[in-house]
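Thanks, everyone, for making the time.

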Amino acid sequence: MTKAQVIEVIKKNIVDNLDDVEVDGIDVSKSMKDYGANSLDIIEVVSCSMRDLDIKIPRSELADIGTIDALADKFMENVEG
Amino acid sequence: MSNNENIRVTHYIEDNGIAHLQMVDTVGKNIFSHEFVEDFIHELDSIEAAEPRVLIIEGLDDVFSGGADKESLMDLANGHIVVRDLVISERLVNTRFPIISAMVGHAMGGGLVIGLCADIIIAARESRYGAVFMTMGFTPGMGTTTLLPSLVGPYIASEMMYTGKRFKGKELAEKGCGFNYILPKAEVLAKAKDVALQISERNPKSIGLLKYTLSAPKKKMLIDARLQEDMMHTISFGYPETKEIIQGFYAQT
């Protein structure tokens, strides 16, 4: 799986979980908070994305991640193929 | 209220008989610590003594209530019976006046149950609501197993309880749940006040009579739930893995 595909999965879940956000309007160098996400929204986007990607990363390892791009990098370390 | 600078719960009553119980524990985020529950009951005592026409329960902008604290859960996991959370639901369903829950912020677990104990329930599109018990490895409590199905319907309640997912208000609105209103955050309190005003204009003696009748099924639901839930808690909190999951859950947050 490519990083672009991982980013697509994250973007889909951002759109599903936040109000008034469109896939094309998401800048991966930003944080989900920039799109109005609260802490529980972020947890939901992350856990939905991990289910879609069939990976499991402890929440403690995700705590310091600031941007959508950095989240995709963290996911890439754990996806197979 | 206990002697502490941090005010956890407070209340005021308007001249028109509308009471407001405000959970304002910015430090503990309205988690059911021993002190919080004590303050909650103390404030409710004062409100009941004043015989208001209607009560609005309010929380913080970000959190309505997060439910049980780690200490209570560990007590349960260690085989001790913790009754203090249960007092809240029992007291709320037994009031002589209608209650409106204005859930502007998130409500989880026991925090959601406060909402369920109300007669009228208003949530926010942006906030999240979850019966999160199972995410910590144990079965739901405080009356969730009977009160939640009566609000959202049995199938959505099952999904909420089995998965522990924190549903966004917007999602619940799309599912057509039984909430009276699911509104943008900024409009929740105004709507609660509007409904309260309408109730306050009715004959309070008849309102009290109606409350007595309408709350009877809820009182029964709570008694039925307690029988099953207490038994399930004795078993599920006894599993060794439950204690580990609770520890892990709170270590991450």
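Predicted model: local features only at pLDDT ≥ 70, side-chain atom pairs only at ≥ 80, totals over all residues.

Now to chain B as a whole. Its secondary structure consists of 11 helices and 12 strands, and because its radius of gyration is 17 Å, close to the 18 Å that the globule rule gives for 253 residues, chain B is as compact as a globular protein of that length. The C-alpha trace spans about 55 × 45 × 35 Å along its principal axes, and 48% of the 253 residues count as buried. If we look at contacts in chain B between residues at least 6 apart in sequence, 76% of them join residues at least 24 apart.

Let me turn to strand β4 of chain B, residues 54-58, where five of the five residues are buried, so the strand is largely enclosed by the rest of the structure. In a regular strand the side chains alternate between the two faces of the sheet. Here B:Val54, B:Ile56 and B:Glu58 point one way from β4(B), while B:Leu55 and B:Ile57 point the other way, and all are buried, the glutamate included.

Which strands does β4(B) run parallel to? One is β2(B), residues 18-23, joined to β4(B) by five bridges, with B:His20 standing opposite B:Ile56. Another is β7(B), residues 99-103, which runs parallel to β4(B) and is joined to it by four bridges; there, B:Ser101 is the bridge partner of B:Ile57.

Finally, chain B has an open sheet of four strands in the order β5-β8-β10-β11, with mixed pairing. Strands β5 (63-65) and β11 (167-168) stand at its edges with a single partner strand each, so one side of each is left without a neighbour in the sheet. The pairing of β5(B) with β8(B), residues 106-108, is parallel and rests on two bridges, and within it B:Ser65 stands opposite B:Ala107.

Terms used
Residues numbered from 1 in each chain as written. Chains lettered and ligands numbered in written order. Rg over C-alpha atoms; globule rule 2.2 N^0.38 Å. Buried ≥ 20, exposed ≤ 12 C-beta atoms within 10 Å, placed from the backbone. Contact = placed C-beta atoms within 7 Å. Pairing = 2+ DSSP bridges.
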